[in-house]
Amino acid sequence: MDCRSARLLAEFVRPAEGLPEAERQKILEQLQDCPELALEFSAQQRADAAIARAMRDVPIPADGPAKVLAKLALMRRKHARRRTALIGSAIAAVLLLAVGIGYWQVSRPAPLDLDLAGVQAAEALVPARVDAWLAKHGLPAGLPTVGNRRLDYEALRVYGIGTFREQPTPMLLLSRGHAQLQLYLVPAGRFDLTGLDQTSVAVTSRGTVEIVPTPGNRRVVVVAILTPGATLEQFCEPIPLPEA
Amino acid sequence: MGVPDRRAIFESLVTEHYAALYRYAYRLSGSASDAEDLTQETFCKAQMLYDQLRDTSRVRSWLFSILRNAYLHHARAERNHREVSLDHAGDVPEAVDLNIQTVDSEQLQQALAELPETFRTPVILYYFEDFSYREIADQMELPLGTVMSRLSRAKEYLYKRLSPAAESAPCRGRANNGLS
């Protein structure tokens, strides 16, 4: 091996380079083949050892590690407090969201609890069939009247048996645009309707509840549930224009 | 056996690595107070980023990298010390006086302070004798050849600067006003 190659290999004899000891010894032996380089290498190793000693000759502050550990402990406590606050905020946000959703669920108009076979086909909504169905349930023919105006068959979407005070009860559903009217035709004898007089009006989460006066018919009480903002008059037959 | 908690891990890391990191910080910065701050900052950052350390067997190298980055961050803010330029130093070693038996720690620090950081860091890591060329290259994110070349030039500079001859006749790096 020439001196130039040996010089290049000499770089790798440091223990830190992790060469196997056998290979390291081999390189050291090859360095001896070049006497000039061997001398230089030996001097360089001595110089490097002296510099390395000086490099590590740094007084270490005795309290340094303790200061670092104290600082790290402080950081961990701060981090734990921040994490607790973050978790608390997250829980509060979730609770607030749950309360908000709950309030929205309660305050929105409840879906109609109809026990119907489905929305009637158009032919089932013709007045004659509706009247026949009403008669079948012992109810007077014709849709109820509001004042002197009859509810409009055109607005009728569904009729069937709904649930009123957990009892199956004939029910009609009318709609115009977004407004909806749910009518329960409650047989007076089957329910204790004390407290529900002919003028009762209540606003509930489901909408406005009204008792539709039924003069001359004491057997049936008509309970109307209107979506917020809707009025009974909206669902009546149009007022005929006076003849010219 | 349970996983050791963060406190136990860092007690062990501080016990094991504080001295080496402090020495490295001191040799990089040249100031005891800066070295103390840098070492503390290193452990604080390590504690924050510990979850990102994938290979715990490389923790020592990782801590040294954090310290160097912290040092560079501060050094950029206060770039006011004079450095010698090694740009014109050749890769082929010149004949230098290698008759160095002992080196004064302060004299070494002065010589290191004159080197640009890109030369100072590898030469410090080299003389700590625990880092291979490959590890130094990885830490500095440089090719191995670049690190070896820089080391060769930095060592040559130190030999000249620290040789007994330099006491009476200043080395070329200073004599030719190579300070940039």
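A residue is called buried if 20 or more other C-beta atoms lie within 10 Å of its own, exposed if 12 or fewer, and partly exposed in between, with C-beta atoms placed from the backbone. The views below come from a predicted model, in which local features need pLDDT of at least 70 and side-chain atom pairs count only at pLDDT 80 or more, while totals for chains, interfaces and linings use all residues. Residues are numbered from 1 along each chain as its sequence is written, and chains are lettered from A and ligands numbered from 1 in the order in which they are written.

**View 1. Helix α5 of chain B is mostly covered.** Helices (H or I, at least four residues) and strands (E, at least two) are DSSP runs, numbered from the N terminus. Of the 11 residues in α5(B), which spans 117–127, 9 are buried. Among them are Phe119(B), Arg120(B), Ile124(B) and Tyr127(B).

**View 2. Helices α5(B) and α7(B) cross at roughly 85 degrees.** Their axes come within 9 Å, with α7(B) covering residues 144–162; axes are lines fitted to C-alpha atoms, for helices over the stretch in contact, and angles run from 0 to 180 degrees between N-to-C directions. The two helices are therefore roughly perpendicular (65 to 115 degrees; under 35 is roughly parallel, over 145 roughly antiparallel, the rest oblique). On the α5(B) side, look for Thr118(B), Phe119(B), Pro122(B), Val123(B) and Tyr126(B); residues in contact have C-beta atoms, placed from the backbone, within 7 Å. The partners on α7(B) include Val147(B), Leu151(B) and Leu158(B). By class, this contact has 8 nonpolar, 1 polar and 3 charged residues (nonpolar: Ala, Val, Leu, Ile, Met, Phe, Trp, Tyr, Cys and Pro; charged: Asp, Glu, Lys and Arg; polar: the others, Gly among them).

**View 3. Strands β3(A) and β4(A) form a hairpin.** The strands, residues 156–164 and 167–176, run antiparallel and are joined by 8 bridges; pairing requires at least two DSSP bridges. Phe164(A) has Gln167(A) as its bridge partner. Of the 2 residues between the strands, Arg165(A) takes a positive phi near 45 degrees.

**View 4. Chain A meets chain B.** The contact takes 27 residues from chain A and 39 from chain B. On the chain A side, α3 (35–56) and α4 (64–107) are the elements that give two or more residues, and α3(A) gives the most, with 10.

View 5. The average pLDDT (the predictor's confidence in each residue, from 0 to 100) is 81 for chain A.

Methods. Two residues are in contact if their C-beta atoms, placed from the backbone, lie within 7 Å.
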